[in-house]
Amino acid sequence: MSKVIAVTNQKGGVGKTTTAINLAAAIALEGKKVLLIDCDAQGNATSGVGEKGHRAPGGTIYEAITATDADLHQFILPTSTSGLSLIPATRDLSGAEIELISVEGREGRLKSLIAQVRDEFDYIIIDSPPSLGLLTLNALVAADRVLIPLHCEYFALEGLADLVATMRRVRASLNPSLDIEGVLLTMNDERTNLGQQVSRDVREFFKDKVYRTVIPRNVRLAEAPSHGLPAVTYDARSRGAEAYFAFAREVLERNEPVLAL
Ligand SMILES: Nc1ncnc2c1ncn2[C@@H]1O[C@H](COP(=O)(O)OP(=O)(O)OP(=O)(O)O)[C@@H](O)[C@H]1O
Ligand SMILES: [Mg+2]
């Protein structure tokens with residue numbers, strides 16, 4: 001059975017997509033079968049793995065989530081990273097929030113789609129949009145765990161109460177076992193000690209849910225998407241890629257403790 005992880009924070013530009021892409025790719029490079037689901041109409045995860053504008057035989061996540069009887073197998077694309085598959089998104093997806101508004105069971109669409117392919121992957125990683133709308137709700141209902149990237153800056157924790165409240169509501173109704181997978185500090189500027197202060201605050205709040213690895217601000221991480229490659233394959237030796245490899249190992253250790261021996 002695979003583990004489904006939603007990468008979520010309704011704050012924009014905190015490193016959700018960079019984290020989803022590089023975690024998915026780094027885990028795939030470890031020999032796992034990984035499915036990355038782009039659940040954001042910006043399609044950044046799709047372009048970040050080189051599939052911008054590409055459609056699977058069935059189309060994109062938009063068609064899958066709005067159809068009544070989609071076979072999710074028809075929406076999976078291979079990527080240039082071995083072991084990493086993608087369900088792509090395009091701007092069409094922004095229509096789904098409105099189209100599904102009167103549909104019964106609309107929050108559970110993604111969950112039932114994922115159920116069709118769960119046993120074919122080790123990890124399923126969902127990239128979610130910067131809002132707490134219906135698509136993020138679908139991600140939270142479908143997920144076993146939520147991975148929260150936090151930008152290393154003052155106010156990093158601002159707005160998190162809304163995410164935690166939404167998680168509680170989902171847990172009380174549609175997904176009782178939902179929990180936090182972990183909290184990842186991203187875009188740390190090592191030239192200032194702001195990062196250390198933020199890190200202290202965040203660790204005080206989330207305790208050992210916070211990963212030891214902190215992702216530094218690194219230009220390679222920002223450049224890689226324009227080459228259609230995860231940074232961990234675009235420049236595996238860069239500081240950014242090395243940080244994501246270390247982070248991916250932590251995720252694997254938490255999930256498969258035998259690896260840590
Ligand atoms: N550690 C980093 N160092 C440098 N640049 C980064 C880093 N992480 C992300 N970026 C860049 O910062 C921008 C925002 O990152 P990203 O797209 O991953 O955030 P996001 O949370 O997915 O944004 P959105 O909320 O719009 O979906 C992107 O241009 C990305 O390439
Ligand atoms: Mg994003």
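Predicted model: local features only at pLDDT ≥ 70, side-chain atom pairs only at ≥ 80, totals over all residues.
The chain has eleven helices and eight strands, and 45% of its 261 residues count as buried. Around ligand 1 there are 20 residues, with α1 giving the largest share of that shell.

**Overall shape**

- A compact globule of 261 residues would have a radius of gyration near 18 Å, and the chain comes in at 17 Å, so the two agree.
- Taken along the principal axes, the C-alpha atoms fill a box of roughly 50 × 40 × 35 Å.
- If you look at contacts between residues at least 6 apart in sequence, 77% of them join residues at least 24 apart.

**Around ligand 1**

- The closest of the 20 surrounding residues are G12, K16, T17, T18 and P130.
- Three elements each supply at least two residues of the shell: α1 (16-29), β7 (179-188) and α9 (219-223).
- Helix α1 contributes three residues, the largest share.
- Sorted by class, the shell has ten polar, seven nonpolar and three charged residues.

- P130 sits in the loop between β5 (123-127) and α6 (134-142).
- P130 has 17 C-beta neighbours inside 10 Å, so it counts as partly exposed; buried would take 20 or more.
- Setting aside neighbours within four places in sequence, P130 is in contact with Q10, K11 and G12, and G12 is itself among the residues closest to ligand 1.
- P130 and D40 are 90 residues apart along the chain, yet their C-alpha atoms are separated by 8.2 Å.

**How α1 packs on α11**

- Besides its part in the ligand shell, α1 packs on helix α11 (residues 239-255), with the axes 9 Å apart and an angle of about 70°.
- Angles of 65 to 115 degrees count as roughly perpendicular, so that is the label for α1 and α11.
- On the α1 side the contact is made by N22, L23, A26 and I27, and on the α11 side by Y244, F245, F247, A248, V251 and L252.
- By class, that contact has nine nonpolar residues, one polar and no charged ones.

- M187 has phi near 50°, a positive value in a residue other than glycine.
- M187 is found in strand β7, one of the elements that supply the ligand 1 shell.
- With 22 other C-beta atoms within 10 Å, M187 is buried.
- K207 also isn't a glycine, and its phi is positive at about 50°.
- K207 lies in the loop between α8 (194-206) and β8 (210-216).
- With 9 C-beta neighbours inside 10 Å, K207 counts as exposed, whereas M187 is buried.

**Two buried loop residues**

- V49 is in the loop between α2 (44-48) and α3 (61-66), and its 29 C-beta neighbours inside 10 Å make it buried.
- Not counting residues up to four places away in sequence, V49 touches I21, L36, T79, T81, L84, L86, G228 and P230.
- Beyond four places in sequence, the contacts of A89 are D38, C39, D40, A41, G43, T46, T60, I61 and Y62.
- A89 and Q42 are 47 residues apart along the chain, and their C-alpha atoms are separated by 7.7 Å.

**A buried helix residue**

- M167 lies in helix α7 (residues 160-173) and is buried, with 21 other C-beta atoms within 10 Å.
- Leaving out neighbours within four places in sequence, M167 is in contact with L140, V146 and L178.
- The C-alpha atoms of M167 and L137, 30 residues apart along the chain, are separated by 8.8 Å.

Technical notes. Residues numbered from 1 in each chain as written. Chains lettered and ligands numbered in written order. Near = placed C-beta within 6 Å. Helix = DSSP H or I, 4+ residues; strand = E, 2+ residues; numbered from the N terminus. Nonpolar A, V, L, I, M, F, W, Y, C, P; charged D, E, K, R; others polar. Buried ≥ 20, exposed ≤ 12 C-beta atoms within 10 Å, placed from the backbone. Contact = placed C-beta atoms within 7 Å. Axes fitted to C-alpha atoms, helices over the stretch in contact; angles between N-to-C directions. Parallel < 35°, antiparallel > 145°, perpendicular 65-115°, else oblique. Rg over C-alpha atoms; globule rule 2.2 N^0.38 Å.
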